[in-house]
Amino acid sequence: MGTPEFPNLGKHCNFAVCKQIDFLPFTCDCCHQVFCLEHRSYNRHSCPKADRRDVTVVICPLCAKGVRLIPDQDPNITWEIHVNTECDPSNYDKVTKKKKCPVPGCRELLTFSNTIKCRDCSLDHCLKHRFGPDHKCLGPRKLEPTGFPFVGLLNRSRKEEKGPKKALPTASSSKWTAFLNAASSVKASAEASMTKLSNELSQTWISSGSSSNGVGGNGQVEQCPQCSAKFSSVSSLIDHVEKVHERGGNRTGAKKVVIDACPKCSRGFVDPVALVEHIERDHGGTSRA
């Protein structure tokens, strides 16, 4: 076999009748034997393992799905495995019943190539009835606003209140009435709490405005050292001293009073020593504002 230069060139055909030497042999992918050009096919050399390459599919009559038969397995066992695991009878109608055009009197089956969806009603129609006047299109559906979930319920309740009253209330209407009563009570309590909060804020603003006009931060009341009159701020006390007591300073026996104010809390002191002691005791020993 072969030549002196290439002794392994070519092989004999394994077919029993042939045994011909072929320099370009073929190897069967099922039985893995070598054959010549004439006996290379499964049928020509009667391959015993040719059924492994066959793909046999049986349509299930229950679910209309394809069941592939395994060559080395009994078909009855394959069928039982499919029925116990994958079979779904509800899929039979989806496969067998084909969709038709919804126009009355039209029997056209809707397939991939002849199906048109209307932009207004979002329904599938055939090519013949693809336009709106042909299938009597009703236009787009009106959707309720979905921003607030109770808007639709409130609109329905308003319509029911405007309409005629029913004679006998049902269980659903009594539940709806209880829901409306609860909603109204929640709304009333919310309004009351908002009113109370606004009043508290207004009082807070008034008190803060009065304190900014000159009342000390500690709520102290200033007292005149001569007439013992009380004032809410140091500025009022100074005006009182200048108007009342300094006018009579030219009188005999009258004493001129000088009041020093604290640079941090605006409290008045007649004695400078008392002012220094107050700053060291209450403000940490510094007079810087």
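Reader: In which helix does His 135 lie?

Author: This is a predicted model, where local features need pLDDT of at least 70, side-chain atom pairs count only at pLDDT 80 or more, and totals for chains, interfaces and linings use all residues. Residues are numbered from 1 along each chain as its sequence is written, and side-chain values use heavy atoms, with hydrogens and water left out. Helices here are DSSP runs of H or I with at least four residues, and strands are E runs of at least two, numbered from the N terminus. On that count, His 135 sits in helix H3.

Reader: Is His 135 buried or exposed?

Author: Buried means under 20% relative accessible area, exposed over 50%, and partly exposed in between, with a 1.4 Å probe and protein chains only. His 135 falls in the buried class, because its relative accessible area is 12%.

Reader: Which residues does His 135 touch, not counting those up to four places away in sequence?

Author: A contact means heavy atoms within 4.5 Å. Pro 104 is 31 residues from His 135 in sequence, with 8.7 Å between their C-alpha atoms. Leaving out residues up to four places away, His 135 touches Val 103, Cys 118, Cys 121, His 125, His 129 and Arg 130.

Reader: What about His 82, and which residues does that one touch?

Author: His 82 belongs to helix H1, residues 75–85. It counts as buried because its relative accessible area is 4%. Not counting residues up to four places away in sequence, His 82 touches Cys 60, Cys 63, Lys 65, Val 67 and Cys 87.

Reader: Where is Ala 64 found, and what is its phi near?

Author: Most residues other than glycine have a negative phi. Ala 64 is in the loop between strand S5 (56–59) and strand S6 (66–69), and it counts as buried because its relative accessibility is 17%. Its phi is positive, near 60°.

Reader: And Lys 136: what is its phi?

Author: Lys 136 is in the loop between helix H3 (132–135) and helix H4 (151–162). It is classed as exposed because its relative accessible area is 73%. Though not a glycine, Lys 136 has a positive phi of about 55°.

Reader: Which residue lies over the face of Phe 26?

Author: A charge sits over a ring if NZ of Lys or CZ of Arg is within 6 Å of the ring centre and within 35 degrees of the ring normal. Here the distance from the ring centre is 5.7 Å, and the residue is Arg 40.

Reader: Zooming out, how much of the chain is buried?

Author: The chain holds seven helices and 12 strands. Of its contacts between residues at least 6 apart in sequence, 17% join residues at least 24 apart. Among the 289 residues, the buried share is 19%.

Reader: Which element has the lowest mean pLDDT?

Author: pLDDT is the predictor's confidence in each residue, from 0 to 100. The chain's mean is 75, with 73% of residues reaching 70 or more. Strand S4 (residues 34–35) has the highest mean, 92, while the lowest, 63, goes to H4.

Reader: Where is the pLDDT below 50, and how many contacts does each stretch have beyond near neighbours in sequence?

Author: Where pLDDT is low, the predicted coordinates should not be read in detail. Residues 209–218 are below 50, and that stretch has six contacts beyond near neighbours in sequence. Residues 250–254 are also below 50, and there the number of such contacts is two.
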